[in-house]
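I set out to record what I looked up in this structure, entry by entry.

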Amino acid sequence: MNAFDLRIREALRHSLAAYEVPPPPNFLSRPISSRRVQKKRWLIAVAAAILLGWVASVSVGRTALAQLANAITQVVKFFQIDARGLLHPVASQSLSLAEALQTEAFHVVAPAGLPPNATVESIQRLGTGTATTLIFAFDYRGRQFSIVETPANSQSTPNVGYLVAQPVPRPSDRVLQSNHGTYFRFQATVWISGSARIALFAADALAPDEVWHIERAMTRS
Amino acid sequence: MRGEAPAISKLMVRSWDMAFRLGARVLGDRSAAQDVAQAACERALRSLKLLRSAKAYDAWFYAIVLRIALRERAALARHAALEVRERPVFVDPTDSIVVNEAIDRLQPELKYVVILFYGCDLRTSDIARCLNLPHGTVRYRLHEARKLLREMLESTVGKESIGA
């Protein structure tokens with residue numbers, strides 16, 4: 001390598017080293033096997049869309065959704081929110097835990113491994129058959145987190161309407177406006193347990209080890 | 001590469017660093033680079049068992065990062081409302097700025113070869129695998145890139161300071 005090459009290399013390395021690298025997401029920095037995160041990527045967008053649809057359907061309204069969008073800061077992937085969904089809110093059905101566990105579309109995994117003081121706020125069901133979605137909403141120390149369950153082998157996304165939010169993002173959030181809609185960043189921990197696909201939306205309500213504890217408690221082969 | 005979970009986790013943390021830096025250099029956007037790093041690490045985790053040699057990991061992983069970064073770049077460019085910044089967001093000493101600006105003026109197919117060769121320390125054969133190109137094509141592009149860089153830098157700062 002001659003002086004010219006060395007100069008190019010030094011300049012490029014300097015530019016690469018100059019980036020301040022953000023900390024990796026929790027799922028990378030904790031002990032993990034290569035198999036456990038399979039099938040995660042696209043599920044995250046689906047689960048996030050389902051949660052938004054649910055928030056819209058239980059008439060929490062724009063304000064609450066805006067707060068939710070603001071609260072969920074760590075991001076896995078973008079997904080699009082369609083403004084037209086506002087016109088068609090999705091109906092939902094409130095359930096007891098016993099009723100939820102009897103859902104026939106898949107073998108529901110009862111929420112487990114929760115922090116001792118977490119309380120159930122609501123259990124909702126969206127859709128039927130392979131599009132059935134159960135949403136367990138919890139309150140923990142004044143903050144909310146949700147567990148969303150869908151059939152693991154479902155190839156179709158439940159028919160969920162989306163709600164346009166007007167969040168006030170934190171500086172680190174990525175909220176992009178375009179002619180095609182609004183993009184948000186959401187983070188979910190998603191895993192497969194038996195015949196259920198489970199997504200945990202914790203935002204900053206739970207510590208990473210609490211999320212990990214729930215995931216372990218609700219995982220079965 | 002099918003070692004214990006902590007070893008994989010350690011590897012992923014290192015990979016995150018590699019992916020973010022390359023993603024940021026290609027896209028010039030921290031937020032987009034974070035997405036690229038996330039997607040690349042997930043992809044690498046899923047496909048890790050397919051990797052036969054640990055020595056090939058860096059080239060293999062950079063290939064994943066670059067593919068995702070280029071797709072992300074194309075997706076961003078499709079949204080007219082989004083501004084795709086051509087310049088990376090870093091602050092360099094004077095000479096480094098000049099050189100990096102010259103690199104950014106290269107055509108993308110030349111630029112990525114230069115970044116992978118000089119910035120990521122990959123061999124031309126690895127870059128060929130990375131970009132799914134014949135080895136000869138990579139060497140030609142590198143040669144062309146060098147020539148263009150030399151011309152650009154000569155016109156910018158004068159022949160004396162270019163080097164041998």
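Entry on confidence. I note that pLDDT is the predictor's confidence in each residue, from 0 to 100. The model is predicted, and I therefore began with this score, which is a confidence given for each residue. I then took chain A as a whole: its mean pLDDT is 65, and 51% of its residues reach 70 or more. Residues 33–40 of chain A also have pLDDT below 50, with 20 contacts in the model beyond near neighbours in sequence.

Entry on helix 1 of chain A. I looked up its extent and found 15 residues, 3–17. From first C-alpha to last, helix 1 of chain A reaches 21 Å, close to the 21 Å expected at 1.5 Å a residue. Its buried residues include A:Phe4, A:Ile8, A:Leu12 and A:Leu16, and A:Asp5, A:Arg7 and A:Arg9 are buried as well.

Entry on the cores. Which residues touch the most other members of the largest nonpolar core? I found A:Ile8, B:Phe61, B:Val114, B:Leu116 and B:Leu149, in a core of 61 residues. Helix 1 of chain A gives two or more residues to this core, as do helices 1 to 7 of chain B. Helix 1 of chain B gives the most, with eleven residues. I also listed the contacts of B:Leu116, leaving aside neighbours within four places in sequence; among them are B:Leu22, B:Tyr62, B:Leu66 and B:Ile127. A second, separate core has 23 residues, including A:Leu95, A:Phe138 and A:Ala196.

Entry on a hairpin. I located A:Ala196 again as the bridge partner of A:Ser193. Strands 8 and 9 of chain A pair in the antiparallel sense over five bridges, and two residues lie between them in the hairpin. In the turn, A:Gly194 has a positive phi of about 60°. Four of the five residues of strand 8 of chain A are buried.

Entry on aromatic pairs. The ring centres of A:Tyr19 and B:Phe20 are 6.4 Å apart with planes at 85°, so I class the pair as edge-to-face. This pair joins two chains, because A:Tyr19 lies in the loop between helix 1 and helix 2 of chain A and B:Phe20 in helix 1 of chain B. Both A:Tyr19 and B:Phe20 are buried. B:Phe117 and B:Tyr118 also pair edge-to-face, at 4.9 Å and 90°, and both are buried. Lastly, I noted that ring pairs link B:Tyr57, B:Trp60 and B:Phe61 into a cluster.

Methods:
Residues numbered from 1 in each chain as written. Chains lettered and ligands numbered in written order. Predicted model: local features only at pLDDT ≥ 70, side-chain atom pairs only at ≥ 80, totals over all residues. Heavy atoms only, no water. Expected span 1.5 Å × (residues − 1). Buried < 20%, exposed > 50% of the residue type's maximum accessible area, 1.4 Å probe, protein only. Pairing = 2+ DSSP bridges. Core = buried A, V, L, I, M, F, W, Y, C linked by side-chain atoms within 4.5 Å. Contact = heavy atoms within 4.5 Å. Phe/Tyr/Trp six-rings, centres within 6.5 Å; stacked < 30°, edge-to-face > 60°.
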